[in-house]
Amino acid sequence: MTAQEVRLCGLLLQEHFGNVVEKVGTHLIRSGVLTLRALAHETKLPLDLVKKSLCVLVQHGMCTFGAGRRGPAGPVEYRINCERVFHMLRYPRYIYTAKSLYGDTGELIVEEILQRGQMTMSSTVKTVADRLTHNMPEGQSMDYSEVVSAFSQLVETHFLQRCPLASAGSSSSGAVDTPLPVATQPTEPESHPDCYKLPYINLTGQGKRRRSSEDGEADQCAAKKARTDDSECGDDRIYWQVNFQRFHLHFRDQAIISAVSCKLDQSSSEIVRTMLRMSEVTTPAHAAFTQALSANEIFRALLSSYNIARPILDQYLSLLVDDPMEFVGKTGDSGGGMYVVNLHRALANLARATLESVVQERFGSRSARIFRLLLRKRHLEQKQVEDFAMIPAKEAKDMLYKLLSENLVQLQEIPKTPDYAPSRTFYLYTVNQLPTARLLLQHSYKTVGNLMERRLYETKENKRLLEKSQRIEAILASLQATGAEAAQLTEVEEMITVPERQQLESLRHHINKLDSSENQVDETIFLLKSYINSTQASR
Amino acid sequence: MAGRGRGQLTFSVEIVGIGKGENLPPSSVQPTPLFPPLAQKPVPLQTGEEAEYMLALKQEFRGAMKTLPFYIRPAAPKKGQFGVKDELCHKHGFAYMVAESPAVPKQPKQPRVDKEEIIRKLETLEQKEEDGSSDEEEGEKKKPEEEEAEGEEGYDEEEFEDETDYIMSYFDNGDEFGGDSDDNIDEAIY
């Protein structure tokens, strides 16, 4: 764990779960694996708070536990899964994807499960139906069956999966029957055979509309009802979580399709989209390329709305194969030609494009030209760089040193004699894509950390003003609910002075900007991380 | 590799591109500034329906998390200071404790010590009085003596011979009344 990653984890935990969980989490990340007693002792927090924090983290899948170093007889050890904490940055993207694929119902289902970590199917359906009913006009309500069908669709396409079983045996017996899993190997959810099997639940009805006057009673009744209802529905101990890997595969496919449409044109991107859709279920998660598809199959699977004739399809496919980006490759000639999508190569090209874009925006287009040259030609001497890039010697030197000082370009020594004498050694400039990608990934983590800290600072600076505006909004809302006159409303509104209003407006603008920036940096993080993971998987 | 002098570099600088006698930029003697001036203006953020919707989702999510039970706030004021009242405090809230009288500081140790001394003194006095006085009087003396032990070191015998609250001289026994009248019968007796 690098320092920047730990800092970002801490900020994310603090934003979503509060200071206590942040303290427990960062300490656990820094120490690796710890028992409960050691953790409580070192963080100097009361034991019950530490327990609650660990419960929250386990609920959200960010902390795993298992038998420790002393074996099954010793105390249980906990460790934090940092990758899972970073996923919290991407939650809006997951929810938006669910909305684009399965509508508002899908969006709310994914949002509820992300908020609570794990949920049973019946409780999700009820909560989502209630929320949808709340937003519908009077008299209408959302039927449970619609929500159930949206949930089933999400499970069928593997966007939701069952949580791996908790290791403890039945709660009735005192002793733990099954042995605890070793802390270093958490159980994979996919190893469970029923991972994507929907339980049979006995759930009929409609969403209930919550009246604002009965809020307190409704909550109590709902709470009592929920407890009795869950066990009646028949899916008591089956919890569902979001399958992040599936979402990531979807994002990767989206990135490839949009790259093809930018580089070539819309029709070729539709062809690539069809190919990826066909190989969704057959391609394993870390495969380097999809299953081979024949041109005949692709033609049959193409939607008629694209209006691509068979010879046109062949031309497009050969165009895609010849493209230097190498998104699509030809692996055979049977069936009109066997084609695959080169996933790992596509990711590498996307990462390379990201690196080049960063250099271009930071140092100018001529430095970007030198950078691209070095990526392509691997090793070049100083003189060769000047010649190939067609940049005057002095400026080329300046740019090279700037890139060198930022560690984007490295010097490689190649000796002519075994004694490495300086006068008889070649010094070549080079760019290594993988280490540079890692460097940029760390920069991105630092960037997001800086953005979050700045946002917290801005909020803290204007805390008094924000609280005042919230109070006034609450007063206005209550006045409007009880039907006050316009004069009273304007009087309350005038309690905020004009300069204060301007200050609030600029504060909102800043915070929106910082939040959008976080979302955008997260896209870069996703691309670079996918690329780095793909290189590790192929080893 | 051992160089011929401290200022020698391990490689000849011409190869890297710095010519002889060329002006090099001055070496920096301080860390780079915290907010360096940017050479190029950064690209503006993505805008559009998708970006705005995701922004709204992000802010709503953040707000929602603060209301859920997963957001753990640090504990209430320290426990244990007020002993049994902790349970009552949790049942009725902090206001219960405020309604109670403010915490009385512990009694300083000193009167305790005095108390023991006084009790010892009383016991010795008891034993002295055991010789002469009745049991009742002893018992009665002990009680008022113990009551007085907290504040006063001695007690007023004049006040506590019997179990009354009044100074003994308040009551006139009448013993002295008739004593003087034998000498002077001329004066009337009222």
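Modeller: Let us begin with strand E5 (residues 160-162) of chain A, which is joined to E6(A) by 3 bridges, the two running antiparallel. Two strands are said to pair if DSSP finds at least two bridges between them, and the elements themselves are DSSP runs numbered from the N terminus, helices (H or I) having at least four residues and strands (E) at least two. Within this pair, A:Arg162 stands opposite A:Trp240 in E6(A).

Biologist: Before we go further, how should I treat the numbers and the model itself?

Modeller: This is a predicted model, in which local features need pLDDT of at least 70 and side-chain atom pairs count only at pLDDT 80 or more, whereas totals for chains, interfaces and linings use all residues. Residues are numbered from 1 along each chain as its sequence is written, chains are lettered from A and ligands numbered from 1 in the order in which they are written, and side-chain values use heavy atoms, with hydrogens and water left out.

Biologist: Which other strand is joined to strand E6 (residues 239-242) of chain A by 2 bridges?

Modeller: That is strand E4 (residues 119-120) of chain A, which also runs antiparallel to E6(A), and here A:Thr120 stands opposite A:Tyr239.

Biologist: How do I read a helix, and how far does helix H8 of chain A reach from its first C-alpha to its last?

Modeller: The expected span of a helix is 1.5 Å times one less than its number of residues. Helix H8 (residues 144-156) of chain A has 13 residues and reaches 18 Å, close to the 18 Å expected. Just after H8(A), A:His158 takes a positive phi of about 70°.

Biologist: Which residues of H8(A) are buried?

Modeller: A residue is called buried when its relative accessible area is under 20%, exposed when it is over 50%, and partly exposed in between (1.4 Å probe, protein chains only). In H8(A) the buried ones are A:Tyr144, A:Val147, A:Ala150, A:Phe151, A:Ser152, A:Leu154 and A:Val155.

Biologist: How many residues does the largest nonpolar core have?

Modeller: A nonpolar core is a set of buried Ala, Val, Leu, Ile, Met, Phe, Trp, Tyr and Cys residues joined through side-chain atoms within 4.5 Å. The largest one has 105 residues, and those with the most contacts inside it are A:Phe17, A:Ile109, A:Leu114 and A:Leu374. H6(A) gives the most to this core, with 11 residues. Apart from it lies another core of 27 residues, among them A:Ala255, A:Ala259, A:Leu320 and A:Phe327.

Biologist: Which residues does A:Leu374 touch?

Modeller: A contact means heavy atoms within 4.5 Å. Not counting residues up to four places away in sequence, A:Leu374 touches A:Leu380, A:Val385, A:Leu400, A:Val409, A:Tyr429, A:Thr430 and A:Val431.

Biologist: Why is strand E12 of chain A described as largely enclosed by the rest of the structure?

Modeller: Strand E12 (residues 425-430) has 5 of its 6 residues buried, so it is largely enclosed. A:Tyr427 lies in this strand, and A:Tyr427 counts as buried because its relative accessible area is 6%. Although A:Tyr427 and A:Leu380 are 47 residues apart along the chain, their C-alpha atoms are separated by 8.5 Å.

Biologist: Which strands pair with E12(A)?

Modeller: Strand E11 (residues 410-415) pairs with E12(A) in the antiparallel sense over 6 bridges, with A:Pro415 the bridge partner of A:Thr425. Strand E10 (residues 379-380) is joined to E12(A) by 2 bridges, again antiparallel, and there A:His379 has A:Thr430 as its bridge partner.

Biologist: What does UniProt place at residues 355-431 of chain A?

Modeller: An unreviewed UniProt entry places there the feature "domain: DNA-directed RNA polymerase III subunit RPC3 winged-helix"; UniProt positions are given in the numbering used here, feature names are shortened, and annotations may be inferred rather than shown by experiment. In the model this span is 56% helix and 18% strand, and its end C-alpha atoms lie 11 Å apart.

Biologist: How many helices and strands does chain A have?

Modeller: Chain A has 21 helices and 12 strands, and 45% of its 539 residues count as buried.
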